[in-house]
Amino acid sequence: QGSELSGWAMGRWTYEGIDLNHNFADLNTALWDAEDNDLVPHEFPNHYIPIPEYYTFANATVAPETRAVIDWMQRYPFVLSANLHGGELVVTYPFDMTRTYWKAQELTPTADDGVFRWLATVYATSNLAMASEERRLCHYDDFTRFGNIINGANWHTVPGSMNDFSYLHTNCFEITVELSCDKFPHASELPAEWENNRESLLLYMEQVHRGIKGVVRDRETEQGIANAIISVDGINHDVRT
């Protein structure tokens, strides 16, 4: 059909009819319910939230690709990630799901909102297409007014997103980068797309060195301590070693 004639949903679903962009376990609802009942963090965790039992059943509507990615995340302690989409020029950051379940759009920040806005800004300000003074709007949303970044839920709600799952189930901070107005750029356009994003990708990866890092050790034996929980005053989202 060509890139201009393909609809926005072309290629979105797997052969099994599953939308991978909405296929991760919804951990947001459980967290917010626990917060509303003052159970966090003493009776319900604010991080490493367990996957609900219904999601693990053999007949659950979970794609093999999704299960494989979750297994990958659980094996390797990633701390920084980005997933790449097309069809807009903007960087979104969690939460992707609105806290008010019936709202299609609602500002829904995480406890680490400042860090997420920084990560999104690093990518957006170094992306040649987003930062260009001559850039046009892709569709009708003018993201330039917000520096080409937006809270995902404040754009449109996405229950079961990989970003929210990464943040709530692991230590990983993940954003979504909408790379181009065109979901299906022609092969001849790919070198220009690479140039638009090369420096952004490198600068984004460098952000892994920001913040506090190190090894939590036993004072007497000097051995590393697994599963130590680090809490930062004023941030209701802990990190586990």
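The UniProt annotation "active site", from an unreviewed entry, covers Glu178. UniProt positions follow the numbering used here, feature names are shortened, and annotations may be inferred rather than shown by experiment. This is a predicted model: local features need pLDDT of at least 70, side-chain atom pairs count only at pLDDT 80 or more, and totals for chains, interfaces and linings use all residues. Residues are numbered from 1 along each chain as its sequence is written, and side-chain values use heavy atoms, without hydrogens and water.

Start at Glu178. It sits in strand 4 (residues 173–178). Strands (E, at least two residues) and helices (H or I, at least four) are DSSP runs, numbered from the N terminus. Is glutamate 178 buried or exposed? Glutamate 178 is buried, because its relative accessible area is 8%. Buried means under 20%, exposed over 50%, and partly exposed in between (1.4 Å probe, protein chains only).

Now turn to charge pairs. The whole structure has 7 salt bridges. Each is a side-chain nitrogen of Lys or Arg within 4 Å of a carboxyl oxygen of Asp or Glu. One of them joins aspartate 19 to arginine 12, with the closest N and O atoms 2.9 Å apart. Aspartate 19 is buried at 15%. Arginine 12 is partly exposed at 25%.

Another pairs aspartate 36 with arginine 99, at 3.2 Å. This pair links distant parts of the chain, 63 residues apart. Aspartate 36 lies in helix 1 (residues 28–36), and arginine 99 in the loop between strand 2 (90–93) and helix 4 (113–126).
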